[in-house]
Amino acid sequence: MDVVRLLMVDDHLMLAEALSARLAEVPDLWVVGHCPTGDPRLPDLVRQTRPDVITIDLEPAGAGRLVRRLQEVRPAAEVVVLTGIRDVRKAVEAARDGAAAWVPKERGIERLTEVLRGVRRGQSWYPPDLLGPVLRELREDVVRAGQRNGPLDALSDRERDVLAGMVAGKRGAQIAGELLISTETVRTHTRSILAKLRVHSQLEAVSVARAAGLRGEPDGES
């Protein structure tokens, strides 16, 4: 039997425990752990438990970029958004960051089980009312990617994340903590940003970013 190793990331502890108990009854699912979205030990837990699938909730403030961060820590894992919110913008962002599925919490345990098995086999699933907007935005992303000629287009996605943190006035340690990377990695990205933007200081880089329309997210969001 091909058992799916599942890690649940959710701030609603009682719900996570109750759901874990239900899923534990499914023969081919193994809940290897659960923790809150803001737990600083989350990266270590992902590395230790080696999940095949990670479910996350995007409701808590600061969970916006969690999909990408988790996939950087555990590239082999598929990420499934399991949430009580219906937000087209967040669904689009999750899809852009690589979320394989988006499952509303009001869906039954049977649907969730099917999705968890499906993403392990390379499938994806979004609710019909969100799938259309998600696909439209992803198609437009492809078009925009072919037309890139702005000053920030030379930056990688991670470099843009670091630069957005700089625009928001965050220090390197805070940026590192929110992106689940080391402070040395932030410094490496910062040097690359300065070189690509052809500027000599972070202040100049922030000025270029703001002129190009990049807005830093407020503290508490990521």
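Residues are numbered from 1 along each chain as its sequence is written, and side-chain values use heavy atoms, with hydrogens and water left out. Because the model is predicted, local features need pLDDT of at least 70 and side-chain atom pairs count only at pLDDT 80 or more, while totals for chains, interfaces and linings use all residues.

Start with the sheet. Five strands make up an open sheet with parallel pairing, in the order S2-S1-S3-S4-S5. Helices (H or I, at least four residues) and strands (E, at least two) are DSSP runs numbered from the N terminus, and two strands pair if DSSP finds at least two bridges between them. S2 and strand S5 (101–104) sit at the edges with a single partner strand each, so one side of each lacks a neighbour in the sheet. On average, neighbouring strands are turned by 25° against each other, direction ignored; axes are lines fitted to C-alpha atoms, for helices over the stretch in contact, and angles run from 0 to 180 degrees between N-to-C directions. S1 and S2 run parallel and are joined by six bridges, and Arg5 stands opposite Trp30 in S2. Helix H3 packs on the sheet, touching S1, S3 and S4, and its direction makes about 155° with that of S3. H5 packs on the sheet too, touching S1, S2, S3, S4 and S5, at about 160° to the direction of S4.

Next come the cores. A nonpolar core is a set of buried Ala, Val, Leu, Ile, Met, Phe, Trp, Tyr and Cys residues joined through side-chain atoms within 4.5 Å, where buried means under 20% relative accessible area, exposed over 50% and partly exposed in between (1.4 Å probe, protein chains only). The largest core has 25 residues, and Leu42, Ile54, Ile56, Val81 and Trp102 have the most contacts inside it. Elements that each supply at least two residues of this core include strand S1 (4–9), helix H2 (42–49) and helix H6 (128–145). Trp102 touches, among others, Val81, Trp125, Tyr126 and Leu130, contact meaning heavy atoms within 4.5 Å. A second, separate core of 20 residues includes Val4, Val53, Ile109 and Leu116.

Helix H7 (residues 157–167) is mostly covered, with nine of its eleven residues buried. The cover over those buried residues includes helices H3 (66–73), H8 (172–179), H9 (183–197) and H10 (202–211). Just after H7, Gly169 adopts a positive phi of about 85°.

As for charges, the structure holds 18 salt bridges, each a side-chain nitrogen of Lys or Arg within 4 Å of a carboxyl oxygen of Asp or Glu. Lys196 pairs with Glu159, with the closest N and O atoms 2.9 Å apart. Lys196 lies in H9 and Glu159 in H7, so this pair ties together parts 37 residues apart in sequence. Lys196 is partly exposed at 36% relative accessible area, whereas Glu159 is buried at 5%. Arg117 bridges to Asp28, also with closest N and O atoms 2.9 Å apart. Here Arg117 comes from helix H5 (residues 109–120) and Asp28 from the loop between helix H1 (13–23) and strand S2 (29–35), 89 residues apart. Finally, a network of salt bridges links Arg68, Glu72, Asp97, Arg158 and Asp161.

Notes:
Lists of a residue's contacts leave out its neighbours within four places in sequence.
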